[in-house]
Amino acid sequence: MAILVTGAAGLVGRAAVAALLRQGVEHVRAVVREPAQVGDLRRLGAKVALLDATDPDGLAAAMDGVFTACSLTGGLWAGPGEDPYAAVVEPARVFLAAAAQRGVRRLVICSPAAVATPAAERNPHLAAKAEVERMVAASGLEHAILRCTHVLGPGSRLLALLAGSAVPVPVPGDGRQRVAPVWVGDVADAIATADDAPELAAATWSLSGPTQLTFDDLVDAVRGSRVAKRHLAPGDGQAPGRGTGLSEVQAGVLAADSLADPALAPAPGLVPTPLAEALARSAGAWRSRVAGSP
C-alpha cells in the first residue's frame, strides 16, 4: 500500500519521505506545490504530485490506493499576509475530506508541543493546530498525532534565526522559556513507526529531545558561546516579533515553553538524538550544501 505525504518539501516532510523509503515503503507519494521542489524528492525515490494541498480534486486523486496519509502542511512559517489560523485549518479540512472520500485507513499529523500550554488560548497558530487535532480525533480513522517540540535540522528556520549575524541576538519572550528541541530525523522515524504499526487505533505521542534548557541557553548552544541577547517580551513597549523577521504569531509560539508532555507516551522505540549531535548534523549538512554550490 502507498503512503502520501503533504508538505513534503518542508523540513520534516523531506526527512519523512527519506525515512519511509528507507523503511521499504514501496510507494511514497510526495505532494508539493512548486516545480523546483520536485527534483530532490524524485531523486530520493518518491512519486511526486505537483499540486496545492488545498485542491480537493487533485488531493483526492493523489490518495487513490493510499493506506496512510500524513499531513505536514500548516507549519509555523506561514508566508506574509497569510491568515495564521486559516493557513493551518483549511488544508486540514481538505486533507480529511479527501482521505474519507478515498478510503484512507490511517492518518498521521504533527502538532507543536505548545498546543498543550496556556499560550494556545491566545495564539492563532496554536489554536488552529489544536482544532486540527480535534478534527483528526473526530474523523473515525486510525491516527497518530505527534506532539513535537521545536524541530531542528538542516535548513531549519529556527536555526537560521538563532545563527543569524545580529548581536545582540533578538529573542522572542524573556529567554527563560523552557525548550527541548527534537532532531528532525527522530520526527521522521516516528512518522515511519506510525505507518508501520500493525494496529493504531488512536495515538498521541510526545516527541522531544533529551536536553531541556532555556531558550537563551539554546541560543548560546547554537552560537557556540555565550552571546548578548535582546529580549522582546510582551509589555516591553515593542511588538514581540520586532527585529526578528518574525510575525507576532510566530514570536508568540517561540516565546512559549516547548517541552514533552509528561501525560503522553513517547513514540515507541525512539531514542532521542542528543542536542549537541542534532546541532552538529545540522551545521555539517549546511556546510556540505554551501561547499557543493556553484
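The buried residues of helix 1 are covered by elements that include strand 1 (2-6), strand 2 (27-32), helix 2 (38-44), strand 7 (151-152) and helix 7. Helices (H or I, at least four residues) and strands (E, at least two) are DSSP runs, numbered from the N terminus. Buried means under 20% relative accessible area, exposed means over 50%, and partly exposed lies in between (1.4 Å probe, protein chains only). Contact, here also called touching, meeting or covering, means heavy atoms within 4.5 Å. The model is predicted: local features need pLDDT of at least 70, side-chain atom pairs count only at pLDDT 80 or more, and totals for chains, interfaces and linings use all residues. Residues are numbered from 1 along each chain as its sequence is written, and side-chain values use heavy atoms, with hydrogens and water left out.

In helix 1, the buried residues are Val12, Gly13, Ala15, Ala16, Val17, Ala18, Ala19 and Leu20. Helix 1 has 13 residues. From its first C-alpha to its last it reaches 19 Å, close to the 18 Å expected at 1.5 Å a residue. The expected span is 1.5 Å times one less than the number of residues. Gly24 follows helix 1 and has a positive phi, near 100°.

Helix 1 (residues 11-23) packs with helix 7 at an angle of about 50°, and the axes are 8 Å apart. Axes are lines fitted to C-alpha atoms, for helices over the stretch in contact, and angles run from 0 to 180 degrees between N-to-C directions. The two helices, helix 1 and helix 7, are therefore oblique to each other. Angles under 35 degrees count as roughly parallel, over 145 as roughly antiparallel, 65 to 115 as roughly perpendicular and the rest as oblique. The crossing of helix 1 and helix 7 is right-handed. A crossing is left-handed if the near helix is turned anticlockwise from the far one by less than a right angle, and right-handed if clockwise. On the helix 1 side, the residues in contact include Leu11, Val12, Ala15 and Ala16. Among those they meet in helix 7 are Val184, Val187, Ala188 and Ile191.

Helix 7 (residues 184-196) also has 13 residues and a reach of 19 Å, close to the expected 18 Å. Helix 7 is mostly covered, with ten of its 13 residues buried. Among the buried residues are Val184, Gly185, Asp186, Val187 and Ala188. Asp186 lies in helix 7 and is buried, with a relative accessible area of 4%. Beyond residues up to four places away in sequence, Asp186 touches Leu207, Leu270, Val271, Pro272 and Thr273. Asp186 and Val17 are 169 residues apart along the chain, and their C-alpha atoms are separated by 13 Å.

The largest nonpolar core has 41 residues. Such a core is a set of buried Ala, Val, Leu, Ile, Met, Phe, Trp, Tyr and Cys residues joined through side-chain atoms within 4.5 Å. The residues with the most contacts inside the largest core are Val17, Leu72, Leu146, Val187, Ile191, Trp205 and Leu207. Helix 7 gives the largest share of this core, seven residues. A second, separate core of 27 residues includes Ala69, Val89, Leu107 and Val132.

Val187 is in contact with Val12, Cys110, Leu146, Cys148, Val151, Val182 and Leu207, leaving aside neighbours within four places in sequence. Trp205 lies in strand 11 (residues 202-207). Trp205 counts as buried at 8% relative accessibility. Leaving out residues up to four places away, the contacts of Trp205 include Ile145, Leu146, Ala190 and Pro266.

Helix 4 (residues 86-101) and helix 5 pack at an angle of about 15°, with axes 9 Å apart. Helix 4 and helix 5 are therefore roughly parallel to each other, and their crossing is right-handed. Val88, Val89, Ala92, Arg93 and Leu96 in helix 4 meet residues of helix 5 that include His125, Ala128 and Val132. Glu133 lies in helix 5 (residues 124-137) and is buried, with a relative accessible area of 10%. Glu133 touches Ile109, Ser111, Val115, Ile145 and Arg147, residues up to four places away in sequence not being counted.

Arg157 is found in helix 6 and is partly exposed, with a relative accessible area of 45%. The peptide bond from Val167 to Pro168 is cis, with omega near 5°. Pro168 has its place in the loop between helix 6 (157-162) and strand 8 (169-172).
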